[in-house]
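Okay, thanks for making the time, everyone. Let me put the model up and then walk you through it.

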Amino acid sequence: MAVERLPRPDPAGADLLRTRRNVLLRGVDIDAFAGATVHLDCGAGPVDLEVRSAARPCAWMDTTLGPGAQRALRGGGGVRCRPLTDGVLTVGPAVFGVRDGAGLRAPR
């Protein structure tokens with residue numbers, strides 16, 4: 001899920017537990033990559049992920065993030081991915097990239 005999609009005014013207070021997501025990205029509109037293969041590299045090598053489908057926000061978002069969060073996150077509630085390679089993801093900075101048939105495209 002892209003942290004920029006979170007309802008205002010408190011995006012800094014959002015975390016993985018409150019959003020019920022495994023990964024929060026900053027500066028990447030991950031919802032735009034449905035159907036693509038992406039990678040995240042936290043420094044231990046890239047982990048490839050198949051971006052499969054949209055993760056629809058549920059009513060629990062209204063409880064954890066505030067009233068109206070579920071509606072605000074429609075169309076931007078993150079994605080469901082399938083891991084394609086083994087690896088390690090850690091909290092902190094990561095390099096994001098998109099893979100195509102020829103290999104790796106420029107990181108973001």
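One term to start: buried means under 20% relative accessible area, exposed means over 50%, and partly exposed is in between, with a 1.4 Å probe and protein chains only. This is a predicted model, so to speak: local features need pLDDT of at least 70, side-chain atom pairs count only at pLDDT 80 or more, and totals for chains, interfaces and linings use all residues. Residues are numbered from 1 along each chain as its sequence is written, and side-chain values use heavy atoms, with hydrogens and water left out.

Now, Asp48. It's buried, because its relative accessible area is 13%. Asp48 forms a salt bridge with Arg99, closest N and O atoms 2.6 Å apart; that term needs a Lys or Arg side-chain nitrogen within 4 Å of an Asp or Glu carboxyl oxygen. The pair links distant parts of the chain, with Arg99 in strand E4 and Asp48 in strand E2, 51 residues apart. Strands here are DSSP runs of E, at least two residues, numbered from the N terminus. Arg99 counts as partly exposed, because its relative accessibility is 23%.

How many salt bridges does the whole structure have? The search finds four. Another one joins Asp29 and Arg5, at 3.0 Å, N to O.

Next, the greasy part. A nonpolar core is a set of buried Ala, Val, Leu, Ile, Met, Phe, Trp, Tyr and Cys residues joined through side-chain atoms within 4.5 Å. The largest has 13 residues, and Ile30, Phe33, Val38 and Phe96 have the most contacts inside it. E2 gives the most to this core, three residues.

Definitions and conventions: Helices (H or I, at least four residues) and strands (E, at least two) are DSSP runs, numbered from the N terminus.
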